[in-house]
Amino acid sequence: MNTVAFLALGWMEILLVLMLFGGLAVVLIVVLAVVLGRRGRGAPSAPPQSQPTAKEKVAVTISDPPAHLCPRCGTGPAADAPEGLCPACLVKAGMPTGVPLTASADAAAPAAPPADPRDLAPRFPQLEILEVLGRGGMGVVYKARQPRLDRFVALKILPASLAATPGFAERFEREARALARLNHPNIVAVYDFGQADGLFYLLMEYVDGSNLRQLIEAKAVAPAQALAIVPKICEALQFAHDEGILHRDIKPENILIDRKGRVKIADFGLAKLSGEAVPDVMLTHPGMVMGTPRYMAPEQVENARTVDHRADIYSLGVVFYEMLTGELPLGRFAPPSQKAPVDDRLDEVVLRTLEKEPDRRYQHASEVKTAVENLPHNTAPATVRPPPAAAAAPAPRRGLGILSLAAALAGWVLPILLALAGGLLLALLGVGTDLLVLASLLLFLAFELVALGCGIAARRTGTGKAGLIISALSLSLAIVVIPAVWTVSLSAAPVQEFHHRDVAFGAGDRPLANMAEQDGAWVAECTETQTLRLYEVFDPGLSGVTVLYSAEVRTENARGPVYLEMWCRLPGEGEFFSRGLNQTVTGTTGGWVTMKIPFHLKPGQTPDLIKLNVVAGGPGRVAVRNVRLSAKAP
Amino acid sequence: MTATSQEDGPARGAAGFEATRWSVVLAAGRDDGAQAAALDHLCRTYWYPLYAFVRRQGRSADDAQDLTQAFFARLIAKRDLAAADPARGRFRSFLLAAMKHFLANEWDKARALKRGGGAYVTSLDAGDAETRYLREPADPATPERIFERRWALTLLDEVLHRLRAEHEARGQRVLFEELKDTLAGGGGADGHAATAGRLCMSEGAVKVAAHRLRRRYRDLLRAEIAATVNDPRDVDDELRHLFAVLSV
């Protein structure tokens, strides 16, 4: 029995560790699998390259614009904002009406704090001004509604600092008129423009979607989408260039993609409004995302006034490169095919748009479009290798969640249930053997292999992150647990030998004291306090364990306490006793009382003699039976 | 809610100002209770931004607590405000400059004093400070920026707390809760109608109440800012500074 008990103990210890470690991991993994699975299902999957529709429509995930911005001033949220209110607006409310909140000299203020929508309302009676959409070096954009036309519009208020530059009004009039003529499906339309109480504004088409910057940052632009977006930009640029209008500020922020996947270029020609000051405006206005003219053609950086339409082609090249690789083509940059899974024939197209010399670039935006579209789309898998995320297998992403869950189940849940069942079996039924441990370990290993299989399958069908993680974790579980269980089961083995030292004394074993046998028990009539010597065990072969002495006792008219007493003789140390003074009987018990006392042996303490006595604390009749000496692990 | 009682706010424009709290502190030679009380109030209100500043400089929580307490203890006990340049005129600037000076020159001395049995004068809730600091965003803001931002938020907190307390004292807690969004410009025309329905008031009455709340808030905000500047005419400028700090 002791073997079983020890084995069960070992199992239970491992189980405790497992439950702690594994339980947490299972929760983590299941959550991860569900989240990844849901994301995979929620996002429209990338259109396969072989479908010609990829050229027609841009399928990208439109995420909502960054949330939690204050709808009135566009600033970010504050941690523990007072009373949950926007702090910037709260401060603003402290200003007497009419006093502008322009920056004081010592403050690092944004260039033009957006006016409150409510302040704007009187100036635009024909509009319902709803919220701030964004702000940058070129002003603040509000979402507004034209009630009579029942449509949303974007209202752009140009920064006051810009309006203050000499000759601005005239320039604004001229440029805005030209912009209003640009009527193209890939260009954000200008409905109206003008001046309201000194504020220069443009009323534009409202695009419900995201800009390319948000998509790039969300890694939502696969090479296939880049190849679909670029021709649309080219069409818009070519159209504008034919009208004699340059964009001058092509960058991901200005390329909008609506919820139906349509590409729209915003802010055409607005950079020109700031005249020669383009690079300065960009450098000094922190609201602009890049802050430096990274998308500008080299000749535009040198002299913004003398650029022609080929500067837009260079900027387009930078955007193209960034969409493909996620990086900017700075310094000595690698061709896109070295950074992303795209065909190397694309390198030539991208690099030619990025030529430093305008004469060596494509001379027209339409040429870029043609070059991109003439890439052999029909042999798409060879042309554009899909990134691992949009893997070749057309299997639905749903497989990812199920396979990951299966991996979690096989790698974690089943082994833990197995260990639990094994532990319980050992503890309750007492049928533990080495064979059982070995069988359990083999089964455990089998589960882990199944988990590994599921992980690999998940990796092949989906994005594979969850499957991979689960496989790795469950393998590490196996690496930890299997040797641990094996070691414990080996270390438990010596206990088995001790099992044979378990000594029981029965009716046939006459005690040392003078006692009479009666109904299978030994009885003594004590007349005074007396120690009844029962048995002596020489060389019991015990060490480093807890020795247990148990017996059933019955007394009649015992005047003093009756209890068990055990003496252990340790060679070289002397003789020590253990008395069950916390479990004594007196008087008449009426039945048998089981008593048990321990003696704790330190490692290395090996008694050569153990004496088992019963002490009667006074006169009376004492009967003893089923005397037993056993041991357990400390 | 009576309109007249709200007209009596302490900060009705620059002209009607009495000496601000900070100018009382700065006034040389006025060694009366007013000075100590004014300084004590300012320190108690605005010590957390300094704590955050010290923490963001990379000091441990224990160090920062010791340091902030020692700093204020010294400031209040010694009143060595001669270092405060009245020309700067703002408690916020002074506090930050003084703390930097203290960190550079005085801290070791102060620590020695503490070991030798120097007693604290102030009792700041340091445990609470660390709890708050751990909630600070882990952005790479400089210690100065975090100080400025915390300063602004602390000030707003203080003002809103007083505004709320005023309303609760008048039994208008629900009204405050309903209308507080309008302080930051929230709540539109239909919002007032909905609020009126919930409060069993007419829409016109809600509009008036919202207007009064905003005016009272503005008065309290300006008064609180005025308490931290030497010249009441600096209030607008300080407001612009706070706005710039918060809107980046």
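**Aromatic pairs and strand pairing in chains A and B**

Let me begin with one residue of chain A: A:Phe124 is buried, with a relative accessible area of 1%. Please keep in mind throughout that this is a predicted model.

The structure holds twelve aromatic pairs over all chains, and A:Phe124 belongs to one of them, with A:Tyr201 as its partner in an edge-to-face arrangement, the centres being 4.8 Å apart and the planes at 90°. This pair links distant parts of the chain, since A:Phe124 lies in the loop between helix H4 (117–120) and strand E1 (128–136) of chain A, whereas A:Tyr201 lies in strand E5 (residues 199–205) of chain A, 77 residues apart. A:Tyr201 also counts as buried, because its relative accessibility is 9% and the limit for that word is under 20%.

A:Tyr201 in E5(A) is the bridge partner of A:Ile157, and the two strands concerned, E3(A) and E5(A), pair in the antiparallel sense over five bridges. How enclosed is strand E3 (residues 151–157) of chain A by the rest of the structure? Five of its seven residues are buried, so the strand is largely enclosed.

E3(A) also pairs with strand E2 (residues 139–146) of chain A, again in the antiparallel sense, over seven bridges. These two strands form a hairpin with four residues between them, and in the turn A:Asp150 has a positive phi of about 50°. In this pairing A:Gln146 stands opposite A:Arg151 of E3(A), and the charged end of A:Arg151 sits over the ring of A:Tyr191, 3.7 Å from its centre. A second contact of this kind brings the charged end of A:Lys143 over the ring of A:Phe152, 4.4 Å from its centre.

Let me turn to chain B, where B:Phe147 and B:Trp151 both lie in helix H7 (residues 143–169), four residues apart, or about one turn of the helix. Is B:Phe147 buried or exposed? B:Phe147 is buried, with a relative accessible area of 0%, and B:Trp151 likewise counts as buried at 0%. These two residues belong to one aromatic cluster, formed by B:Tyr46, B:Phe53, B:Phe147 and B:Trp151.

I will finish with the cysteines, for which the count of disulfides over all chains comes to zero. Among the cysteines, A:Cys234 is buried, with a relative accessible area of 0%, whereas B:Cys200 is exposed, with a relative accessible area of 73%.

Methods: Residues numbered from 1 in each chain as written. Chains lettered and ligands numbered in written order. Predicted model: local features only at pLDDT ≥ 70, side-chain atom pairs only at ≥ 80, totals over all residues. Heavy atoms only, no water. Disulfide = S-S within 2.5 Å. Buried < 20%, exposed > 50% of the residue type's maximum accessible area, 1.4 Å probe, protein only. Phe/Tyr/Trp six-rings, centres within 6.5 Å; stacked < 30°, edge-to-face > 60°. Lys NZ or Arg CZ within 6 Å of the ring centre and 35° of its normal. Pairing = 2+ DSSP bridges.
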